Amino acid sequence: MRLDELTRPDFPILGRIVNGRPLIYLDSAASSQKPRTVIEAMSRYYERTHANVHRSIHTLGEEATELYEAARDRVQRFIGAAHREEVIFTRGTTDGISLLAETIGRTLRAGDEVLITELEHHSNIIPWQLAVRDRGAVLTAVPLRDGEALDLEAFARLVTPRTRVVAFAHVSNVLGTVNPVGEMCARARSAGALTVVDGAQAAPHLPLDMSTLGCDFYVFSAHKMLGPTGIGVLYGRREVLERLEPGRGGSEMIKEVWIDRAQWNDLPWRFEPGTPPIAEAVGLTAAIEYLEKLGMERVAEHEGALSRQAVEALAAIPGVTVYGPPSSRERGAVVSFAVTEFHPHDVAALLDAEGIAVRAGHHCAMPLMRRLAVVGTTRASFSVFNSPDDVAALTTAVAGLPGAL
Amino acid sequence: MTAVPGAGAAGSSGGFAAATDPGGRYRKGGEAPLRGIPLPYSDIIRQRWRQPRFRGELPGATAVAEDVNPLCGDRVRLMLRIENGTIAAARFLGDSCAICTASADVLAELIEGRARAAPGVGKSDLLERLQSDIRPTRMRCVTLPLTVLATALDKPIGDPDAAR
């Protein structure tokens with residue numbers, strides 16, 4: 001049985017009619033839909049268990065704490081982290097990268113360098129711009145080689161003894177390019193730089209194993225991987241986290257407080273000030289359970305097949321340009337394309353009229369758009385519930401666009 | 001009603017439109033939806049996008065401005081030639097969607113001959129001329145040219161009379 005045949009009944013939203021057509025949702029890279037188990041786990045938590053975690057000495061508080069910490073264990077296993085205290089809950093990928101940029105940023109000195117790449121999401125650019133600003137540190141970017149992959153020779157040259165941080169996406173949210181994380185992390189580490197990997201587009205799509213990936217930090221969001229909005233994960237190697245001073249304060253992240261000083265809590269709570277997203281952690285647990293039941297290898301295979309189908313069918317339509325690696329090469333579950341003469345927003349509006357939801361615009365990657373010399377692209381992205389029929393409906397609608405406006 | 005290529009394919013009947021778009025939300029002033037699709041694009045938007053009348057360079061422009069819609073990267077450049085306090089000519093250039101292009105084209109048409117001090121064209125005028133109900137997410141596509149106009153009138157070039 002194909003994965004979508006197995007999963008479609010689990011996603012209530014797929015029963016919606018949009019503009020007179022059954023919804024075809026091809027925007028999971030922006031935010032995926034949720035299976036019933038995730039929705040019900042969160043409702044059940046609010047109906048039966050909710051209380052604040054860690055400090056409530058009553059039954060509900062203890063149950064909520066247990067569920068919240070169980071989510072951490074679940075994430076640890078899902079990403080192959082060596083220790084549970086290496087899993088820090090955040091509000092999402094942007095929040096996780098910002099936390100790192102603020103924290104590491106305070107240790108930057110004049111002449112230090114932070115290296116990012118041309119294909120980053122703004123969430124992996126702006127926090128570093130803010131981090132280097134006013135400190136005399138420098139932000140540089142690895143260029144693209146051919147409009148589809150990073151120039152790894154340039155990367156090797158750009159990592160120098162002055163490089164303090166190398167931050168890059170595992171999978172490009174526009175091109176779908178899968179960057180060689182292991183190779184890049186090894187090069188960065190040999191120069192003494194910390195590595196931060198934006199896994200927002202990889203965690204929903206690929207099996208992850210922190211023990212072999214070789215990065216210091218790995219950041220992703222729950223809502224792109226069938227989970228709820230409002231929670232994300234920051235994985236950090238324990239030895240590195242232990243050296244970092246917290247950048248954000250509040251409850252939960254301290255052991256003892258005086259008016260003029262405080263003693264920090266242990267990992268991972270040191271980096272989790274304030275009441276955390278508890279119901280969202282419960283939802284994330286349910287999402288991971290769902291994905292693990294399917295098997296991430298199978299998820300990657302299914303979404304990879306849909307991407308290949310989309311790349312080949314779209315590229316065969318006259319007037320359509322597909323960006324990113326060719327179908328023979330590995331790519332994430334996203335396919336960006338352009339239709340001659342059509343602005344991406346018009347493409348998305350015309351597809352929406354057929355019940356097909358896609359993303360259009362710069363995808364929060366303006367430097368990459370500039371590099372590709374486009375104002376934006378239209379992007380279809382795939383999840384476990386998408387079928388080859390969904391891709392066929394997309395390509396038929398795209399082929400009909402020239403006559404539609 | 002203009003014939004549109006490809007419109008004949010899968011049922012552009014009024015019956016289908018009534019079934020899928022009972023409120024006629026995206027059809028005001030437009031025609032029957034294409035291939036059974038209710039569209040936000042009116043005839044006017046389509047025509048102005050396909051064949052804009054005011055798109056192009058404006059030699060001798062005395063006021064020029066350009067702005068970007070951060071949401072989608074739409075970029076519109078508006079060029080005005082102001083003579084004796086009147087907008088004598090207006091042209092635009094842009095990398096923009098159909099709605100934004102049509103809006104810029106209609107705006108240029110409306111402001112020609114108007115007083116520089118008070119061209120008196122607003123969002124509602126544009127929406128009326130475009131004859132389309134625009135969703136809130138696309139409203140900035142309509143208003144971007146207005147923003148550019150305001151900037152252009154604030155920063156005329158080579159028009160000392162108009163300097164504030």
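1. Helix 3 (residues 59-79) of chain A packs against helix 10 (residues 278-294) of chain A at an angle of about 40°, and their axes lie 9 Å apart. Angles over 145 degrees count as roughly antiparallel, under 35 as roughly parallel and 65 to 115 as roughly perpendicular, with the rest oblique; helix 3 of chain A and helix 10 of chain A are therefore oblique to each other. The crossing of helix 3 of chain A past helix 10 of chain A is left-handed. This and everything below describes a predicted model.

2. The residues behind this packing can be listed. From helix 3 of chain A come Ala64(A), Leu67(A), Tyr68(A), Ala70(A), Ala71(A), Arg74(A), Val75(A) and Phe78(A). They meet Ile278(A), Ala281(A), Val282(A), Leu284(A), Thr285(A), Ile288(A) and Glu292(A) of helix 10 of chain A. By class, the contact of helix 3 of chain A with helix 10 of chain A has twelve nonpolar residues, one polar and two charged.

3. Helix 10 of chain A also packs with helix 2 (residues 36-48) of chain A, here at an angle of about 150° and with the axes 8 Å apart. Helix 2 of chain A and helix 10 of chain A are therefore roughly antiparallel to each other. Helix 2 of chain A passes helix 10 of chain A in a right-handed crossing.

4. On the helix 2 side of this second contact in chain A are Thr37(A), Val38(A), Ala41(A), Met42(A), Tyr45(A) and Tyr46(A). Their counterparts in helix 10 of chain A are Ala279(A), Val282(A), Gly283(A), Ala286(A), Ala287(A) and Tyr290(A). Ten residues of the contact of helix 2 of chain A with helix 10 of chain A are nonpolar and two are polar, with no charged residues. Val282(A) is listed in the contact with helix 3 of chain A and again in the contact with helix 2 of chain A.

5. Chain A has an open sheet of seven strands, in the order 4-10-9-8-7-5-6, with mixed pairing. Its edges are strand 4 (87-90) and strand 6 (138-142) of chain A, each of which pairs on one side only. From one strand to the next the twist averages 20°. Within this order, strand 8 (residues 194-198) and strand 9 (residues 217-221) of chain A run parallel and are joined by three bridges. Val197(A) has Tyr218(A) in strand 9 of chain A as its bridge partner.

6. Helix 4 (residues 93-105) of chain A lies across strand 4, strand 7 (163-169), strand 8, strand 9 and strand 10 of chain A. The direction of helix 4 of chain A is at about 150° to strand 9 of chain A.

7. Another open sheet of chain A is formed by four strands in the order 13-14-17-16, with antiparallel pairing. Strand 13 (320-322) and strand 16 (359-361) of chain A are its edge strands, each pairing on one side only. The twist from one strand to the next averages 30°. Strand 16 of chain A is joined to strand 17 (residues 377-381) of chain A by three bridges, and the two run antiparallel. The bridge partner of Ala360(A) in strand 17 of chain A is Thr378(A).

8. The domain assignment divides chain A into domain 1 (3-30 + 295-403) and domain 2 (40-292). Taken over C-alpha atoms, the centres of the two domains of chain A are separated by 28 Å. In the contact between them, 28 residues of domain 1 of chain A face 25 residues of domain 2 of chain A. Helix 11 (296-315), strand 14 (334-339), helix 13 (366-372) and strand 17 of chain A each supply at least two residues of the domain 1 side. Helix 11 of chain A gives the most, with six residues. By class, that side of domain 1 of chain A has 14 nonpolar, eight polar and six charged residues.

9. In chain B, the axes of helix 2 (residues 43-50) and helix 3 (residues 98-111) come within 8 Å and cross at roughly 85°. That makes helix 2 of chain B roughly perpendicular to helix 3 of chain B. Ile44(B), Ile45(B), Arg48(B) and Trp49(B) in helix 2 of chain B meet residues of helix 3 of chain B including Ala98(B), Ile99(B) and Asp105(B). The contact of helix 2 of chain B with helix 3 of chain B divides into seven nonpolar residues, one polar and two charged.

Notes. Residues numbered from 1 in each chain as written. Chains lettered and ligands numbered in written order. Predicted model: local features only at pLDDT ≥ 70, side-chain atom pairs only at ≥ 80, totals over all residues. Pairing = 2+ DSSP bridges. Axes fitted to C-alpha atoms, helices over the stretch in contact; angles between N-to-C directions. Domains from an automatic or database assignment. Contact = placed C-beta atoms within 7 Å. Nonpolar A, V, L, I, M, F, W, Y, C, P; charged D, E, K, R; others polar. Left-handed = near helix turned anticlockwise from the far one by under 90°.
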